[in-house]
Amino acid sequence: MTLRLPYPGGALRAYEPRAEPRALTPGAPFTSRTVFSAAHVVADPLADTTPDGPAAVDWDATLAFRRHLWSHGLGVAEAMDTAQRGMGLDWPTAAELIRRSAAEAKASGGRIACGVGTDQITAGTLAEVRAAYEEQLALVEESDAQAVLMASRALAAAASGPEEYLEVYGHLLRQAAEPVVLHWLGPMFDPALEGYWGSADLDTATDTFLDVIAAHPDKVDGIKVSLLDARREVELRRRLPQGVRCYTGDDFHYPELIAGDEQGFSHALLGIFDPLGPLAAEAVRILDTGDTGGFRELLDPTVELSRHLFQAPTRFYKTGVVFLAWLAGHQSHFTMVGGLQAARSLPHLAHAYRLADGLGLFPDPKLAEERMRNLLSLHGVNQ
């Protein structure tokens with residue numbers, strides 16, 4: 001049965017949903033690349049909350065989604081921006097998420113890395129920023145998870161130049177028990193991070209970033225770069241010390257960056273691998289066999305969906321991610337912490353549905369169609 005879906009400009013057009021799902025089965029972790037999916041959180045729809053109040057999480061559904069990702073061989077990047085850190089998920093809830101997910105990873109045999117930030121403070125001195133980082137790093141290490149040192153809004157506000165970044169990150173790396181991932185999140189994802197590493201000039205910022213790594217290469221497992229600039233990522237990747245990995249966070253160019261070139265490749269830590277999880281896993285397993293062409297053939301068609309979900313304002317990509325999780329049956333509702341389900345328009349969501357359905361991402365296309373039909377009806381679009 002066809003659906004009438006809205007397009008930009010208000011026009012309604014007929015769409016014929018896919019009848020059968022794509023066959024994608026669970027599998028073992030990969031051999032050629034390390035791949036993390038930055039996972040979303042599932043809100044508790046029955047909690048009596050307000051947009052600016054504490055987050056309410058459906059822990060059972062949230063942990064079930066992580067088991068889904070692990071079953072396909074993916075690692076889970078926990079409590080990152082995909083989980084709405086700084087956009088609905090407060091630090092006490094993020095801390096509980098880290099503890100629960102790390103315990104679940106240990107029980108399931110899944111790989112996990114967890115975000116370490118400073119979101120228990122909104123501003124402060126450099127000493128206060130450092131202390132906030134230390135508190136979160138201690139929690140992640142106590143949970144037996146790998147740490148991802150995320151970019152800090154408070155540090156961006158407190159630092160006057162590169163020297164402060166070198167001092168704060170140097171202090172954290174010296175005390176880290178195990179090698180960490182350094183995360184450079186661009187201002188397209190969070191405008192408060194403009195000028196990170198002490199300069200709005202990306203070449204200068206890159207030099208400072210590399211200085212941090214060069215001073216402590218034994219404490220840096222890798223870097224996660226989210227600048228949506230493939231050329232810059234490749235150039236940065238080639239300048240890394242031996243043994244330091246590049247985890248692409250580029251949701252616009254990930255197939256080419258993961259495939260790599262004659263001088264190297266990127267591993268992955270991506271928000272788009274939340275909705276793409278099983279398909280992305282299948283593609284990387286093809287890459288494990290040395291079949292780069294087959295990898296690109298499977299993964300390249302997903303870029304249109306990713307670019308749509310991550311279109312400006314990019315920080316609201318989480319809405320599309322959770323929307324697709326609802327359509328795929330991973331949660332029973334389309335509700336988000338902080339009320340963020342309202343951050344994207346109906347035409348935007350309808351186009352995400354069309355693209356995801358065309359890729360065969362829904363395990364039960366009929367369920368996805370029914371839920372899309374219900375959403376349309378709630379918006380006054382009768383079929």
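Student: Which residues of strand β6 point one way, and which the other?
Tutor: In β6 (residues 146-149), Gln146 and Val148 point one way, while Ala147 and Leu149 point the other way. All are buried. Buried means under 20% relative accessible area, with exposed over 50% and partly exposed in between (1.4 Å probe, protein chains only). Strands here (E, at least two residues) and helices (H or I, at least four) are DSSP runs, numbered from the N terminus.

Student: Where do these numbers come from?
Tutor: This is a predicted model, where local features need pLDDT of at least 70, side-chain atom pairs count only at pLDDT 80 or more, and totals for chains, interfaces and linings use all residues. Residues are numbered from 1 along each chain as its sequence is written, and side-chain values use heavy atoms, leaving out hydrogens and water.

Student: Back to β6. In what sense do β5 and β6 pair?
Tutor: Parallel, over four bridges. Two strands pair if DSSP finds at least two bridges between them. Strand β5 covers residues 112-116. Gly115 has Val148 in β6 as its bridge partner.

Student: And how many bridges join β7 and β8?
Tutor: Six, again in the parallel sense. Trp184 is bridged to Val225 in β8.

Student: What do the eight strands close into?
Tutor: A barrel, in the order β3-β4-β5-β6-β7-β8-β9-β10, with parallel pairing. Neighbouring strands of this sheet are turned by 25° against each other on average, direction ignored.

Student: New topic: helices. At what angle do α13 and α14 cross?
Tutor: Roughly 170°, with the axes of α13 (residues 346-359) and α14 (residues 365-378) coming within 12 Å. Axes are lines fitted to C-alpha atoms, for helices over the stretch in contact, and angles run from 0 to 180 degrees between N-to-C directions. That makes α13 roughly antiparallel to α14. Angles over 145 degrees count as roughly antiparallel, under 35 as roughly parallel, 65 to 115 as roughly perpendicular and the rest as oblique.

Student: Which residues meet there?
Tutor: Among them are Leu346 and Tyr353 in α13, and Met372 and Leu376 in α14. Contact means heavy atoms within 4.5 Å. The contact residues divide into nine nonpolar, no polar and two charged. Nonpolar covers Ala, Val, Leu, Ile, Met, Phe, Trp, Tyr, Cys and Pro; charged covers Asp, Glu, Lys and Arg; the others, Gly among them, are polar.
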